[in-house]
Amino acid sequence: MILLLALAACTTDRTRRGYLEENARRLESSPPHRVAIVVPGFGVTRLYDPVIDRYVWGTARSTVRTQFPDDLDLPSEGRDRLVPRGYVGSRGPVNIGWQLTEALRKYGGYVRDETVFPFHYDWRLSARDNAVHLRDFIQRVGQGRKVDIVTHSAGSLVALALVKLAGGADEVENLILIAPAQSGVVDAFRIMVRPERFIRRRFSPEMVATWPSVPELLPDEGRFLVGEDGRPARFDAWEPSSWKAIVPPSQQARFAASLASARAFREELRRSPLPASVRLTVIAGDCVPTARRVLARDDGTFAFYIHELRDRERHLDAVLFEPGDGTVPVSSARGDGEAILVCDGHQGIASDPNVHRALIRLLRGTR
């Protein structure tokens, strides 16, 4: 009997969504005061080739082809013909943009393409470039009024570049950063030494080296590799010479230029205070041991996750990991400020009912 009562008293995600739906009914007669714009992170926006009339990234078809005429590597001039259009997948945990847009629609009284808009952008480009596109987008959909911006992960850098460096502060009321990589993540290094694979699609080092967005996500602390003795390795992520064994020779000069530009960008972001007119909120996960440093073994392999540590390496746990969401450590998410902490992972945080409730409370002023 006691067990049954305890089970009945448990609050599940389904129950929480029921609470959210009940709260949403109170908002039906009062539309939002401002337009909300959702800016997801790395890889979430589909990329479309208008010449061949096909998506080259973000669809099931594009994951089973290994190469397209205009592929994901950027040319030397920095731009190609690919067009950002829509989000990866139609819905579900992979589609972070859909999760957040749908939460605002379902629980906050927002109407898609009227009071909540998804921002599609080319996540390969620099945050500075995408901040310019975001400001143009705000001017099109904001109707001359301030907007609210909700970001996830690397989308935070685009929004921060907008309000700090691109003159967009006067157009933003609330800026909500969910799982932001404010101080960088070791995942930006991992994608270079352990390429991502999506069925047959692969992000090769030669391809990734052409994307300015990846160096911008490197940890502030460039010396984040640790040897088997627990001491910092000689590798410095901000020094081009450290990448010679990783970046293909054909891309080393270009990657060096991207590193210099990324470091200057991150330093400018740190030096530039958030304008007082922008209300900033950070929401971060803190339940998953998350790498802030990476074990670089003598055999050339790396440990990015706690389950990858060998028995003799367990003593390095506290050196390598801290609480986070599995991708972004809490210290990086917080930056120089504070954060609302929830128990969830990097992908799941966008579908977390507690996060959805926080969004509605912050943007709609509900209690």
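**Exercise 1.** Which residue of S6 is the bridge partner of Val 38?

Solution. The model is predicted, with local features needing pLDDT of at least 70, side-chain atom pairs counting only at pLDDT 80 or more, and totals for chains, interfaces and linings using all residues. Residues are numbered from 1 along each chain as its sequence is written, and side-chain values use heavy atoms, without hydrogens and water.

Step 1. Strand S1 (residues 35-39) runs parallel to strand S6 (residues 147-152), and five bridges join them. Strands (E, at least two residues) and helices (H or I, at least four) are DSSP runs numbered from the N terminus.
Step 2. The partner of Val 38 in S6 is Val 150.

**Exercise 2.** State which strands stand at the edges of the open six-stranded sheet.

Solution. Step 1. The order is S5-S1-S6-S7-S11-S16, with parallel pairing; two strands pair if DSSP finds at least two bridges between them.
Step 2. S5 (116-118) and S16 (340-342) each have a single partner strand, so one side of each lacks a neighbour in the sheet.

**Exercise 3.** Describe how H2 packs against H12.

Solution. Step 1. The axes of H2 (residues 13-25) and H12 (residues 353-364) are 9 Å apart, at an angle of about 20 degrees. Axes are lines fitted to C-alpha atoms, for helices over the stretch in contact, and angles run from 0 to 180 degrees between N-to-C directions.
Step 2. That makes H2 roughly parallel to H12; the class covers angles under 35 degrees.
Step 3. Contact (heavy atoms within 4.5 Å) involves residues including Arg 16 and Leu 20 of H2 and His 356 of H12.

Methods:
Angles under 35 degrees count as roughly parallel, over 145 as roughly antiparallel, 65 to 115 as roughly perpendicular and the rest as oblique.
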